[in-house]
Amino acid sequence: MERLEDLNLNGLKIYQDDELYHFTSDAVLLTKFARVKKGDVVADFCSGSGIVGIHLYGLNPVIDSVTLFEMQKPLYELSLKSIEYNRLTDKFSAVNVKLQDIDSKYNERFSLIVCNPPYMPKESGEGSEKECIRVCKSEVCLSLDELLSACAKALKFGGRLNLVHRADRLAEIIYEMKKRNIEPKRLQMVSGGGKEPYLLLIEGVKGGKPGIKVLNTITN
């Protein structure tokens, strides 16, 4: 069942469908972690129904433009409806494409990429969940390697990547970022109920100098 969900932010609302993947608090944590500069040209990779891009813009209206990239057509179509409903067609566009197949016209185009990708390894994508849900949760269609390769191509030199992911994949994420000349610059862990961190937020700069700032852990 399709419905409008209030983001409690400048009157913004977003279309959701109970049959499709529903965004979680991870998306909001990412938008609050990301540092935006006036005039940023933003890409939201694995955009789903558009929550990260729209919420980020709501927090930072100095953004020049946002392009949403989503491979699943039903989620892409929801994002188009949300863009239209919020009267953001002058700032937003959406592309229905796999990140592995993004057109070369987007190479080195973006000053900021935000991404809430599938967290789980491919082998964990089997089970009772519907295929459209598994694609959003596990790497059945997009590996971390493929994701970061797409980010490296689309980022301008000096551009920033802001990513939310599983805490236990930190070493792999840093390795894959550095391999593509995306230098990790900020890291923040997220824990729940006094337990060890389960989530990470990380910012990398394409062509950045070595040196990472570790922020205080968030309790979610």
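Leu 99, Gln 100, Ile 102, Tyr 106, Asn 107, Glu 146, Ser 149, Ala 150, Lys 153 and Ala 154 line the second largest pocket, where a pocket is an open set of points on a 1 Å grid that a 1.4 Å probe fits, with protein on both sides within 12 Å along at least five of seven lines, and lining residues have an atom within 4 Å of a point. This is a predicted model, in which local features need pLDDT of at least 70 and side-chain atom pairs pLDDT 80 or more, while totals for chains, interfaces and linings use all residues. Residues are numbered from 1 along each chain, and side-chain values use heavy atoms, without hydrogens or water.

The volume of this second largest pocket is about 150 Å³, and its lining comprises five nonpolar, three polar and two charged residues.

Helix 5 (residues 144–154) packs against helix 6 (residues 170–179) at an angle of about 40°, their axes being 10 Å apart. In this contact (heavy atoms within 4.5 Å), Leu 144, Asp 145 and Leu 148 of helix 5 meet Glu 172, Ile 173, Glu 176, Met 177 and Lys 179 of helix 6, which gives four nonpolar, no polar and four charged residues.

Definitions and conventions. Points joined across faces, edges and corners; volume = space filled by probe spheres on them. Nonpolar A, V, L, I, M, F, W, Y, C, P; charged D, E, K, R; others polar. Axes fitted to C-alpha atoms, helices over the stretch in contact; angles between N-to-C directions. Helix = DSSP H or I, 4+ residues; strand = E, 2+ residues; numbered from the N terminus.
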